[in-house]
Amino acid sequence: MKKSPIKIITYNAIIASVYVVLTLLTYEISYLGLQFRIAEMLMLLCFFRKDSILGLTLGCAISNIFSFSPLDVVFGTMATILACLCIMFSKFLFVGVLAPVVFNGFIVGFELWWLLGAPFWPSVLSVALGELAVLSVAYIIFMLLKKRKGFFESIGADQNLEFLF
């Protein structure tokens, strides 16, 4: 069944809003080196609905306005777009977990090195570890939600409904 443009816009506005609110509520742990951006859990929605990339990208861009540098809007959002694209076309949810870890680790790690003079490899590693921690929790949550009747309908899922892991 084709989704109406109004429903797609509303869904993505909600995703963007939740992303921004979660990021700003956890501001102290959402930015810089060892970041645990709780809102990144939403990234796995792209596994079930490709159009989630719109809300996630917008939410990330708005959240990064409050970051340490205006360039974080560009670089951080680019990392989100690349990770979402990998998640969208993945057939395994665990690959969806790895994509943001790699892209955010390297892109945001590079950004911290370039803009703040932080050591490169420790920056990459700390961002990647924070991302891995958050997305590992998200993975477990989505695996549990998979078992709940009506979960896929509630999020309007249109792909990967029978995923294994």
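The model is predicted, so local features need pLDDT of at least 70 and side-chain atom pairs count only at pLDDT 80 or more, while totals for chains, interfaces and linings use all residues. Residues are numbered from 1 along each chain as its sequence is written, and side-chain values use heavy atoms, with hydrogens and water left out.

Let me begin with one pair of helices. Helices are DSSP runs of H or I with at least four residues, numbered from the N terminus. The axes of helix 5 (residues 71-88) and helix 6 (residues 93-116) cross at roughly 160° and come within 8 Å; such axes are lines fitted to C-alpha atoms over the stretch in contact, with angles from 0 to 180 degrees between N-to-C directions. The two helices are therefore roughly antiparallel, a term for angles over 145 degrees.

Which residues of helix 5 meet helix 6? Among them are Leu71, Phe75 and Leu82, and the residues they face in helix 6 include Phe103, Ile107 and Trp114. Contact here means heavy atoms within 4.5 Å.

Helix 5 also holds Thr80. Is Thr80 buried or exposed? With 0% relative accessibility, Thr80 counts as buried, that is, under 20% relative accessible area with a 1.4 Å probe and protein chains only. Leaving aside residues up to four places away in sequence, Thr80 touches Glu40, Met43, Leu56, Thr57 and Cys60.

I close with helix 7. The buried residues of helix 7 include Val124, Leu135 and Phe142. Its buried residues pack against helix 3 (45-48), helix 6 and helix 8 (151-155).

Definitions and conventions: Parallel < 35°, antiparallel > 145°, perpendicular 65-115°, else oblique. Buried < 20%, exposed > 50% of the residue type's maximum accessible area, 1.4 Å probe, protein only.
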